[in-house]
Amino acid sequence: MKDPIAEASPRPSARITGVVYLLYFLTAVIGGFFMRGIVVDGDAAATADNLLAHQPLFRLGIATGLLATACYIAVTALFYELFKPVNRGLSLLAAFFSLVGCAVLAFGSLFQLAPFVVLGSSQYLNVFKVEQLRAVTLMLLDLNTLAVNICLIFFGFYDVLIGYLIFRSTFLPRILGGLMAFAGLGWLTFLSPPLANHLSPYNLVLGFLAELFLMLWLLVKGVNVQRWRDQANAE
């Protein structure tokens with residue numbers, strides 16, 4: 001009896017992965033667009049005023065960002081299935097890093113929502129001065145930035161592992177694996193925030209382009225079905 005995994009065709013799964021990947025890109029970009037210019041770095045008063053003036057837009061940006069995170073969780077699960085024939089253990093480890101990164105990113109959204117509580121009209125907040133509430137608001141948003149930096153480290157490990165799996169596979173171009181691995185190294189610069197800031201925006205652009213090329217390849221070309229089956233049979 002033939003292995004059902006080897007008999008299955010990865011082509012539909014690869015295309016579905018590309019579509020979900022595209023949804024992730026669209027929601028992530030749109031979410032960032034909604035929030036653009038609202039948070040003013042180092043200016044608590046301007047940030048607080050912007051949040052109150054554009055509260056629906058900022059909340060919509062948070063919701064869209066959470067949708068993007070959900071899409072990336074789906075991409076992670078699809079990639080796990082796609083790369084199991086290459087190395088089941090490494091594919092599972094990669095999925096672990098990605099899911100932890102997604103969890104950290106989703107948790108960080110609480111720091112984006114908390115300022116609306118701080119800047120709210122509850123009577124118990126009257127014991128604080130306006131300047132104090134604004135300072136706390138900016139501090140909470142800075143904590144969200146720290147959460148994003150932490151999640152990028154986990155995504156860095158994820159991209160390095162996915163890059164290695166692509167490089168070892170025979171059903172996707174090795175150049176995509178190299179790009180993903182280098183992108184992961186770029187994310188890993190956030191282990192040292194001063195280094196990451198020094199290399200910005202190049203480390204960020206590299207990660208964006210690598211995942212964009214991978215997404216486009218899956219959408220347009222998919223994978224080499226026969227080579228995927230050969231590796232599934234050899235597993």
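Start with the lining of the largest pocket: by class it has 23 nonpolar, 13 polar and four charged residues. Here Ala, Val, Leu, Ile, Met, Phe, Trp, Tyr, Cys and Pro count as nonpolar, Asp, Glu, Lys and Arg as charged, and the others, Gly among them, as polar. A pocket is an open set of points on a 1 Å grid over the protein atoms alone, where a 1.4 Å probe fits, with protein on both sides within 12 Å along at least five of seven lines; lining residues have an atom within 4 Å of a point.

Before you click further, note that this is a predicted model, where local features need pLDDT of at least 70, side-chain atom pairs count only at pLDDT 80 or more, and totals for chains, interfaces and linings use all residues. Residues are numbered from 1 along each chain as its sequence is written, and side-chain values use heavy atoms, without hydrogens and water.

**Stop 1: the pocket**

The volume of this largest pocket is about 1500 Å³. Select Ala28, Gly32, Leu105, Val148 and Leu152, the closest to its centre of the 40 lining residues. Now colour helix 6, which gives the most to the lining, with 10 residues. Helices are DSSP runs (H or I, at least four residues), numbered from the N terminus. Other helices that supply at least two lining residues include helix 2 (11–35) and helix 5 (88–118).

**Stop 2**

Which residues of helix 3 make the contact? Ala44, Ala45, Thr47, Ala48, Asp49 and Leu51 do, facing Arg134, Ala135, Thr137, Leu138 and Leu141 of helix 6. Contact means heavy atoms within 4.5 Å.

**Stop 3: a pair of rings**

Next, select Phe58 and Phe116. Their ring centres are 5.9 Å apart and their planes are at 65°, so the pair is edge-to-face; rings pair if their centres lie within 6.5 Å, and planes over 60 degrees apart count as edge-to-face. Phe58 sits in helix 4 and Phe116 in helix 5, 58 residues apart.

**Stop 4: a cis bond**

Finally, find Ser200 and Pro201, joined by a cis peptide bond with omega of about 10°. Pro201 lies in the loop between helix 8 and helix 9.

Key. Points joined across faces, edges and corners; volume = space filled by probe spheres on them. Phe/Tyr/Trp six-rings, centres within 6.5 Å; stacked < 30°, edge-to-face > 60°.
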